[in-house]
Amino acid sequence: MRKTHKFQLRRLVRHLNTRQYTSAAANPVPAAPAVLHDLDHLDSGELAPTPRVYHAFITACAQSKNLDDARKIHGHLASSRFEGDAFLDNSLIHLYCKCGSVVEAHKVFDKMRKKDMVSWTSLIAGYAQNDMPAEAIGLLPGMLKGRFKPNGFTFASLLKAAGAYADSGIGGQIHALAVKCDWHEDVYVGSALLDMYARCGKMDMATAVFDKLDSKNGVSWNALISGFARKGDGETALMVFAEMQRNGFEATHFTYSSIFSGLAGIGALEQGKWVHAHMVKSRQKLTAFVGNTMLDMYAKSGSMIDARKVFERVLNKDLVTWNSMLTAFAQYGLGKEAVSHFEEMRKSGIYLNQITFLCILTACSHGGLVKEGKHYFDMIKEYNLEPEIEHYVTVVDLLGRAGLLNYALVFIFKMPMEPTAAVWGALLAACRMHKNAKVGQFAADHVFQLDPDDSGPPVLLYNIYASTGHWDAAARVRKMMKATGVKKEPACSWVEIGNSVHMFVANDDTHPRAEEIYKMWDEISMKIRKEGYVPDMDYVLLHVDEQEREANLQYHSEKIALAFALIQMPAGATIRIMKNIRICGDCHSAFKYISKVFEREIVVRDTNRFHHFSNGSCSCGDYW
């Protein structure tokens, strides 16, 4: 009889390990009857119930993550003589956590007559893995009170939870406890430590932890790279990546995704292409996980051609892939292409979420497609979604850009929720665009009240008054700005030449080749004036004479960057310039002439969008 049971147990374990338990979300056909059938072997006496048999059921169910099956196994176990077995209760805690029901896991934990180290660690890990950091950390005092000493698995889970609390100091306290328990030098705990500090934005601490690790692994290298990428420090992330290669660690999809994300933030196209080539040489497949960040990198680095190629080549495109491409169209002001892409999404049957609608509304706003934008805003509820405040902000921007300021006001007054500072800020920006001081002051008053610490609105209001010649009102705003300590963010532009990034500010004379750059700009200015360029004095927001106003226009940061690029880059090469604030209207006009006279493709990325200048025109169609 014993041999028969052993044979049947081996068959059962093989059967459970190969069974495809599918969740209701993935497959509408329930898998529950299969579990009931397997449990019937116990009820019929065909198989003797033992802890090992129940553990085999629990292990297979944890792989399928089917909560209904988990409850059936638990119910069967509760009616057996093994009810209360510590080993099986710990397995149930792990099972419920895997199935996403930490509440039921905690109930099992609470009913345990004798908890051990595995019980505490399993529940802490369950909360951490299910994005419930407060609950995970909240278990630590009780664990210590019970005189249980955390192990490496406990610390890894606690540190994962602590990463959600950047400024609370909780991570530092857990770090101190790890040192006290002599776990801080363990490679897995060390990797969790540096990941925690990286998620909290404390890269100095993350680097210090990394440097002290006696044995580094792929996890620790990836944690450091992703930390720098999240901080927007793409250059350092790339340096760490190169060091990782020199130390013999192979890059994974997670590595490449982090690098592309970091490079997208600084618009480093050449470095992005180098990493892409490295990925191709390593024969990594272009899955959606890494393809989405690669697409975003190319789009934000000013290469829509490469972004489109990546989109076409991504294997098994997901919603993020489609949304990323839609965002790229929006950033470039390609409204019609965005609409076509959106309609293709609808036809493909892919699930549309609120981000999808935010992207298409932004594209319509940047492309001047008012009718289409209104249509898509109304469509949101057809997909059983509710418009969020960001959607309302974008519609105000849509109407405001089109000059429909009164319609935008009516739309704001009819909103089902209280308008936020962002809503009024969108209207204020439109008033700056259309030089409407009256509505602008009304919008600014609301922004000042809702978000008095934001430095942007006072600058916009000053610009409205200055551009319309209301110098007394502009002076009052300037006086208010000084009284409240508001300072305008200095404009700067940068251009990537080879593997180096060159940054410039207005009237910059700090570059080693400054004299050559200014001489080049004077030559550019002379040539484009012959083609019809006339400096637009409306963009000089200072109360000075005509000659000084024109001189003030000539050496904006983006113009200096462009002059340097024309000196350095080979003929015909596309020039890509980044700017930390919105491009000046006069610079926009000048760049159109330069693209024609010098036969250059020029791509400018500012805080709002991309402008692609070619043969005397811009991709925005002068609607920006």
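**Notebook: repeats, a helix and a strand**

I began with residues 353–387: their end C-alpha atoms lie 11 Å apart, and the span is 69% helix and 0% strand. Helices (H or I, at least four residues) and strands (E, at least two) are DSSP runs, numbered from the N terminus. I noted that this is a predicted model, where local features need pLDDT of at least 70, side-chain atom pairs count only at pLDDT 80 or more, and totals for chains, interfaces and linings use all residues. Residues are numbered from 1 along each chain as its sequence is written, and side-chain values use heavy atoms, without hydrogens and water.

Next I asked which residues of helix H25 (405–413) are buried. I found Leu405, Ala408, Leu409, Phe411 and Ile412. Buried means under 20% relative accessible area, exposed over 50%, partly exposed in between (1.4 Å probe, protein chains only). Down the axis of H25, the buried residues fall within an arc of 160° (from directions between the helix axis and the C-beta atoms), so they line one face. The face turned away carries the exposed Asn406, Tyr407 and Phe413.

Six bridges join S1 to strand S2 (500–505), running antiparallel; strands pair if DSSP finds at least two bridges between them. Tryptophan 494 has methionine 503 as its bridge partner in S2 and methionine 578 in S3.
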